[in-house]
Amino acid sequence: MKKLNWAILGPGLIATEFAQALLNVHGEIYAVGSRTLEKAEAFAKKYQVQKAYGSYDELLADSNVDVVYISTPHCNHYEYIMKSLHQNKHVLCEKAITVSSSELKEITELAATKNLVVSEAMTIYHMPLYEKLKQVVQTGKLGTLKMVNVSFGSCKEYDVTNRFFSPDLAGGALLDIGTYALSFARFFLSAQPHEVLTTVKKFETGVDEQSGIILKNDADEMAVVTLTMRAKMPKRGVVAGDLGFITVDNFPRATRAMITYLDGTTEVVEAGVEAKALEYEILDMENYILNNGGDDVLQLSVDVMDIMTDVRNQWGIKYPFEK
């Protein structure tokens, strides 16, 4: 197997977890880039990174870098993904992969032209449990799929200056936690929804504070998604058919689910290790690169971004930096 040199662009909080995952998988990390050399060198020392760069452009100019992991705020993802692709790097980018469908369309077109892999670091697409649950649905144990219900409430401290509520940083519940909930829903729906209904309560800064989203596709499968940034709700997903339903608690990195059948009997499905969530992302990404894969997973990200763009258009929310 070809050895791939990974680089981390943006050594923030999630990047520390990703760096540890890279060390667990490979025992080494090739490079890290930050806005300051001091921060890059401190990160490199802590996580045994071979090269430290004091600017993102310097990092991307290194011809030995094969794949870039991007963990900057999502308002910057488009810029750094495009720069990475222009420098012929594969890209694994944190969620939300972009802020709009138009940004993601440009990225997918450029990646296809250059025969490069772009993928979203969305845990739901990589946790082993979800492939097992998809098989449960496809084998008909739940009967005909009817409904997906997803809730995610994260009670952020009231602070108008926090990035979660900043229009300049593409704040709001939709792109922060909604992307998880919609990814869960789209993963199980057999086709992309064509009907999207939604309502929103905006925070005083203008971003979305809480919302309800209803989806329906041509198979008459429906999904209902509820989100809030100012109240705690369970991270719970339910996938229901006419013969039973699956309940997944703490669904972003789930390793356990419960199937409940019409007669009241239950079945537990387990797979994976929560602590290895980012390791699964790394291994899948390398498999995509080495075996020309990942198109189906990227399409899920495209579908979710299309839904989020539609929803945001209905709300009339546009970030200041958008074209």
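Q: How many residue pairs are in polar contact between domain 1 and domain 2, with both residues at pLDDT 80 or more?
A: In this predicted model, the count between domain 1 and domain 2 is 10 residue pairs in polar contact, both residues of a pair being at pLDDT 80 or more. On the side of domain 1 that touches domain 2, helix H1 (13-26), helix H5 (101-114) and strand E6 (118-121) each supply at least two residues. The residues of that side divide into 8 nonpolar, 6 polar and 3 charged.

Q: What makes the two parts of the chain domain 1 and domain 2?
A: The domain assignment of the protein gives residues 6-122 as domain 1, and residues 125-275 together with 295-315 as domain 2. The C-alpha centres of these two domains lie 26 Å apart, and the contact takes 17 residues from domain 1 and 20 residues from domain 2.

Q: What area is buried between domain 1 and domain 2, and which atoms give 59% of it?
A: About 1,700 Å² is buried between the two domains, and carbon and sulfur atoms give 59% of that area. In domain 1, the residues that lose the most area to domain 2 are His74, Lys95 and Met122, which together make up 34% of what that side buries.

Q: Why is the meeting of Arg253 and Glu17 called a salt bridge?
A: The side chains of Arg253 and Glu17 meet at 2.6 Å, N to O, and the cut-off for a salt bridge is 4 Å, so the pair qualifies. Across the interface of domain 1 and domain 2 the rule finds 2 salt bridges, while a search of the whole structure finds 13.

Q: Why does the pair of Lys83 and Asp57 count as a salt bridge?
A: The closest N and O atoms of Lys83 and Asp57 are 3.4 Å apart, which is within 4 Å, and the pair is therefore counted. This pair links distant parts of the chain, with Lys83 in helix H4 (residues 77-86) and Asp57 in helix H3 (residues 56-61), 26 residues apart.

Q: What makes the peptide bond from Lys95 to Ala96 cis, and where is Ala96 found?
A: The bond from Lys95 to Ala96 is cis, with omega near -20 degrees, and Ala96 is found in the loop between strand E5 (90-94) and H5. Most peptide bonds are trans.

Q: What is the phi of Asn88, and where is this residue placed?
A: Phi of Asn88 is near 65 degrees, a positive value in a residue other than glycine, and Asn88 has its place in the loop between H4 and E5. Most residues other than glycine have a negative phi.

Q: How do you know how compact the protein is, given its length of 323 residues?
A: The protein has 9 helices and 14 strands. Its radius of gyration is 20 Å, which is close to the 20 Å that the globule rule gives for 323 residues, so the protein is as compact as a globular protein of that length. Along its principal axes, the C-alpha trace spans about 60 × 45 × 40 Å.

Methods
Residues numbered from 1 in each chain as written. Predicted model: local features only at pLDDT ≥ 70, side-chain atom pairs only at ≥ 80, totals over all residues. Heavy atoms only, no water. Domains from an automatic or database assignment. Contact = heavy atoms within 4.5 Å. Buried area = accessible area lost by both parts, 1.4 Å probe. Polar contact = N/O pair within 3.5 Å; in protein donor to acceptor, adjacent residues only side chain to side chain. Helix = DSSP H or I, 4+ residues; strand = E, 2+ residues; numbered from the N terminus. Nonpolar A, V, L, I, M, F, W, Y, C, P; charged D, E, K, R; others polar. Rg over C-alpha atoms; globule rule 2.2 N^0.38 Å.
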